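Subject: Structure handed over, with notes

Hello,

Please find the structure below, followed by notes on what was found in it.

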Protein chains: 6
Amino acid sequence: MPISRFTVGTLADLPDELRRRIEPIAERSGFVPNVFLSMIHRPSELAAFLDYHEALMERDSGLTKAEREMIVVATSAANECLYCVVAHGAILRVRSRDSEIADRIATNWRTAPVTDRQRVMLDFATRLARSPEDIGEADIERLREAGFDDDDIWDIGSITGFFALSNRMAQLLDLQPNAEFFVMGRQPRSD
Amino acid sequence: MPISRFTVGTLADLPDELRRRIEPIAERSGFVPNVFLSMIHRPSELAAFLDYHEALMERDSGLTKAEREMIVVATSAANECLYCVVAHGAILRVRSRDSEIADRIATNWRTAPVTDRQRVMLDFATRLARSPEDIGEADIERLREAGFDDDDIWDIGSITGFFALSNRMAQLLDLQPNAEFFVMGRQPRSD
Amino acid sequence: MPISRFTVGTLADLPDELRRRIEPIAERSGFVPNVFLSMIHRPSELAAFLDYHEALMERDSGLTKAEREMIVVATSAANECLYCVVAHGAILRVRSRDSEIADRIATNWRTAPVTDRQRVMLDFATRLARSPEDIGEADIERLREAGFDDDDIWDIGSITGFFALSNRMAQLLDLQPNAEFFVMGRQPRSD
Amino acid sequence: MPISRFTVGTLADLPDELRRRIEPIAERSGFVPNVFLSMIHRPSELAAFLDYHEALMERDSGLTKAEREMIVVATSAANECLYCVVAHGAILRVRSRDSEIADRIATNWRTAPVTDRQRVMLDFATRLARSPEDIGEADIERLREAGFDDDDIWDIGSITGFFALSNRMAQLLDLQPNAEFFVMGRQPRSD
Amino acid sequence: MPISRFTVGTLADLPDELRRRIEPIAERSGFVPNVFLSMIHRPSELAAFLDYHEALMERDSGLTKAEREMIVVATSAANECLYCVVAHGAILRVRSRDSEIADRIATNWRTAPVTDRQRVMLDFATRLARSPEDIGEADIERLREAGFDDDDIWDIGSITGFFALSNRMAQLLDLQPNAEFFVMGRQPRSD
Amino acid sequence: MPISRFTVGTLADLPDELRRRIEPIAERSGFVPNVFLSMIHRPSELAAFLDYHEALMERDSGLTKAEREMIVVATSAANECLYCVVAHGAILRVRSRDSEIADRIATNWRTAPVTDRQRVMLDFATRLARSPEDIGEADIERLREAGFDDDDIWDIGSITGFFALSNRMAQLLDLQPNAEFFVMGRQPRSD
C-alpha cells in the first residue's frame, strides 16, 4: 500500500533548511512520519504546515500537551481521518501516559474518562470541527465558565482549525500512518 | 461592532518582517483586511497563515485565480462563514470580472453558471469541506475525468483544507468583514 | 441563461385583472420580477400566489416589513434558494436602509447584528423552515417570552411557510433573479 | 384537546363568499375539516389557501387525483405532519380505493407497492420537500425519462411546495385531524 | 406481493418445541404473524428472537404493556419500518384501547397526547434509536427525574435496542405486515 | 470506573445452565467479558443474548469469522460504541491475524485495505446500521453482484441488526471494555 495517492519524496529532495527541521523529529521518533514524505514535493506548503503546527502545538499554553492531543484525536475521529487518529492517538498515549485514552476518545469522547473541564473543551472542539456555523457567544461563554481564558479558547479553536486542514489533506492523499504509530504507547504502565 | 471577539492589534505591533508583508496588501486594497488585525497578537500563527495562503493562492496552478476563489466562496458558504464569504466573494468578483457570480455561488453553487469542469471541482470541494470522511478514489477519478491532473487536485483539496481552517478561525473570532468588501466589484461591467 | 426551466410568458398573456395587479409593481420597480413571468402560463396559481403574498407581506402586523423580509432571507438562505435570497435580499436592503444586512443574514443569521427579539424570531423561522417536525409548545413559549403575541407568531410561521413553497417553486424552475436585484440598495447610506 | 393552538372560528364568522365555498365540502364529507376552522380568523389567507389548493388539486393534470394525494402523504410524512398525513391519508384511501396504501406510503414510501413511474415521482417529491437545495437538471431529466412532461413536473413540484406550506402551518398550529379522517376508507374492498 | 424477500416457511417446517410456542399466538390472533413465517428457515435465530421478545415484552415491569408498545411504535416509525409500525401499531391500539394513538405516535410522537412521563420516555427511546452515540448520564438523569427507576430505564433501553434489531431485519427482508394488522383496533370505542 | 451504570453481578449469581455457558468463554479468554457481568441480573435476557450471538457468530456461513467481526467493528464504530469497538476490535485482530485492521476499520472503513467484496459488504452493513429506511432492492442486488447469496445477505443483515441492539445496550449501560481487549492481538506478526 503506497503511503499517499500522490507523489512521495525523500528527505534528500528537500531544501536544507526544511530537511534540518525534520531530521531531529525523525531521530527522536526513530522514523520519518509519512505526512512529511507526502508533502516534500510542495516545500512551501510543507514549511507553512510545520510552522503552523509548531506555533500551536509547541507554544506555552494554558492547555497541556496531552490536552492539545485530545483535541486532535477527538476532532480527527469526528472526521474519520485514519492518519491523524492513529498518529496523534499514539502521541496522546505517550503524552498522557495512558494506554487506553486514545481509543476511548477516538471511539466516543463523550464516554471517555476526562475531567469536566476537558469535556467542555472537547464538546466545543468537535462542534467547531463539524458544524462551525453553529458556534456563537454562548459557546464561548461556556468555555469561560469552565475556566478557559481568551488565550486558551484561541488555542482550542486554532488547533481544531489546523486539524480541519490536516484531516482534509490526509483524506485527499489517502495518507497511511507509519506502522510504528499503531503500537506506540500501548503498554499499560506498571506504576 | 468590534471586528473580533478577541484582542485586535495594529500593524505597528508587528515585527518588521511581517509588517512589510501586509503593508503592500493594504496599499493595493486601500485598507487592512480585518483578518490580519485579528491575528496580530499571535505573530507566528499570522506568519504561517500568510505563508500557507500565499503557497496556495499565488502559485502557478492549473486553476485560475478566479477558480481558486470559487472554491473559497463555495466551501465558506457551506460553512456559513461571514468573513470568508464576503471578503473572498469580493475578490472573486474582481478576479472573474463578474458582478453576480459570488452571490450565485455563495447562495447555491449547484445552480451557478459555471463550466462543467468547475462544477465537478465545486462538487468535490464542498463535499471535502463538509464530509471529508466520504472522499475516496472514485471522487479523485471523477476529477481526473474532468481534466484535472494530480497537481490541480492537490490544489483543490489544499485550498479547501486551508479555508476549513480559516472558516473556523473566523467563526471562533466572530470576525467582521471590512465594509469595503461588501461593495467591491459589484458594478456590472459595461463591456 | 433563460429565466426559468419551463415556459415563460409576457404580461400580455395575462387576463386583464391579473395584469392590472402586476403592472403597478413593475412600474414601481422599473422591471417585471421574473417570478411573475415564470407563472404566467398558470394564471390561477399566479393569482393565488399574489393573494397569499399580499395577505402576509402587506397586512398590518406586529412585525415590521423589514422584519418580514429578514424571515424570508434567512429561511430562503437555509434552503439555498437563489431567486428568493437575491430578490428579497434587495427588498430587505431597501426596507431596512442597511446595505449589509441581507448578506449578513443570508450567510449566517446567527452572527448577524439583529436585536434579541429578532434573533428569537429567526431561530424559530429557520427551524420551522428546515425541521418543522421538531417545533412544539416550548418554541411557541420562547416566542411569547420575546414579546410576540399570537398574531405575530402566526405571521412568523405563515411567512416561513409561504416561502417554503416559493423556495421550492424557484428551485424547481431554476428561476433566475432579475439583474436589478443584485445591485438594489447596496449603496451604503451617507447619513 | 383543542383543534388548534390559536383562535378557532365557526363558519358563521366567514364572509358569505368564503362560507359558500366551504359549505359544500363540509356537506360532502359530513364534517368541516379542522384546517378551515383554524384559518377562519384570517379570511384573506384562507381564501388564498383555498384558491391555491383548488388550482393544484382540482385541475386537469397528467397526474391522477390519487397520485396527487400520494405526493401529499409522502411529503407530509417526511415532515411528520399529523394533520396532513391523517387527513390526506384518508383522501388517498378513498381516491385509490386501497385501504392500506396510505399507511404504507406514510411509513416508508420506498417500500410501498407503487408503479415505477410513481416511485420516481415520490423520490423527487420527498427530496424537493426535505432538501430543495439539491434539486437540479439531472432530477428533472429523471422525471422526463419516467414519462412526465413539463406540466406534470410542475404539478409534482407545486403540490410538494404547497404542502411544504401546509405542513408548516399545521405544525405551527398543532392542528388536530377530525376524528373521521382516522377511519375513512379503511374497510378493505370486497371486490 | 411475497411476504419476504427471502425463503418463507410454514409452521410444519418447525421443530416441535418452536411450533408449540407459535401456535397459541396464532390461535389468539387468528393468523400467524408474518415475522414468524419469515424466520422459520433459521430456527435457532427464531428461538432466540422469541425468547428475547418474551423476556422484554411479557415481564413484570414498571412500564405498562401499552407503554412498551409506544416505544416500539415511536422508534420503528423513526426507522420507517413498515412491518413494525403496522403490526405493533395494531397491538398498541388494542393494549391502550385507543384507536388513534398509534397513528399519532407513528406520525410524530412529539405532538401525540401522552403523559409528561411518557413524553420523556419517548424522547429518550427515539434518540437512543437514532443516535445512540449521544446518550449519556444527563439523559439517564432526566429519566430518573420523570420517575423511572433503574429497572424501568433498562426496559426502555432494551426494548428500543431489540426493535433496532427487528426493524433492520424487517427492512432487510422487505417484510410485509399481515392484512389483519392494518385494521385491528381501529373501531373508536363507544364507552 | 464501574463497568456498568447499573447493577453488576458475578458468575455465582447465575443459574447453573447459564454459568456453564460462560465459564468456558472466560477460561479461553482468561477473563469474563464485562458484557456478561452486566447482564447477570437479567438472566432470561442474557440467555437470549447468548443464543442470538451464537446463532449468528458461530454458525457455518459464507462469511468468514473475521468478516463477521469486520461487520461488528464497522457498524459499532458508526454508532461510536466503545465496548463493541474495543472488544470486537480485539477479536477481529485475533481472527484476521492482522494487528492494524481493527483500528483501520473503526476509524474509517472506506479507506481500510479490504477486498472489493468486503467493501460492498461493509457499505451495506453501515448503511443498514445508520439509515435502515433507505435499504431496498437495489442494495440487495449490489450484494448479489458481489457474490453474496441469500444466506450470506441474511447473515450480513442479522449481524448488523444484532449489534444495533448490542451497541444500544452498551451505550445505555456505559459498559466498560475489559482492559485485556485494548491490547489483545496488537503484536504485529513476524511472518
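Contact means that heavy atoms lie within 4.5 Å. This is a predicted model, in which local features need pLDDT of at least 70, side-chain atom pairs count only at pLDDT 80 or more, and totals for chains, interfaces and linings use all residues. Residues are numbered from 1 along each chain as its sequence is written, chains are lettered from A and ligands numbered from 1 in the order in which they are written, and side-chain values use heavy atoms, with hydrogens and water left out.

Start with Ile105(B). Leaving aside neighbours within four places in sequence, Ile105(B) is in contact with Met70(B), Val73(B), Ala74(B), Leu92(B), Ala112(B), Val114(B) and Leu122(B). A second, separate core of 126 residues includes Val114(C), Met169(C), Ile101(D) and Phe163(D). The largest nonpolar core has 128 residues, and Ile105(B) is among those with the most contacts inside it, as are Leu46(A) and Leu46(B). A nonpolar core here is a set of buried Ala, Val, Leu, Ile, Met, Phe, Trp, Tyr and Cys residues joined through side-chain atoms within 4.5 Å. Buried means under 20% relative accessible area, exposed means over 50%, and partly exposed is in between (1.4 Å probe, protein chains only). In soluble globular proteins, nonpolar side chains tend to be buried together.

Chains A and B

How is chain A laid on chain B? A turn of 180 degrees and a shift of 0.0 Å along the axis do it, with an RMSD of 0.0 Å. That is the relation of a two-fold axis. The same surface serves both copies, since 100% of the contact residues of chain A recur in chain B. The copies are superposed by least squares on the C-alpha atoms of residues with pLDDT of at least 70 in both.

In this interface, 44 residues of chain A are in contact with 44 residues of chain B. The area buried between the two chains is about 4100 Å², and carbon and sulfur atoms give 63% of that.

The rule finds eight salt bridges across the interface of chain A and chain B. A salt bridge is a side-chain nitrogen of Lys or Arg within 4 Å of a carboxyl oxygen of Asp or Glu. Arg5(B) forms a salt bridge with Glu137(A), with the closest N and O atoms 2.8 Å apart. On the side of chain A that touches chain B, the elements giving two or more residues are α2 (34–39), α3 (43–57), α7 (116–130), α8 (137–145) and α9 (150–173) of chain A. The largest share of that side, 16 residues, comes from α9(A). Helices (H or I, at least four residues) and strands (E, at least two) are DSSP runs, numbered from the N terminus.

Other chain pairs

Chain B and chain E do not touch, and their nearest C-alpha atoms are 18 Å apart. No contact joins chain C and chain F either, where the closest C-alpha atoms lie 18 Å apart.

Leu172(E) is in helix α9 (residues 150–173) of chain E and is buried, with a relative accessible area of 0%. The C-alpha atoms of Leu172(E) and Ser4(E) are separated by 8.9 Å, although the two are 168 residues apart along the chain.

How many salt bridges does a search of the whole structure find? Over all chains, there are 144 salt bridges. One of these joins the side chains of Asp103(A) and Arg186(A) (2.9 Å, N to O). Asp103(A) lies in helix α6 (residues 101–108) of chain A and Arg186(A) in the segment after α10 (179–183), so the pair ties together parts that are 83 residues apart in sequence. Asp103(A) is buried at 13% relative accessible area, and Arg186(A) is buried at 8%.

Glu80(F) and Arg110(A) also meet in a salt bridge (3.1 Å, N to O).

Regards

Methods
Buried area = accessible area lost by both parts, 1.4 Å probe.
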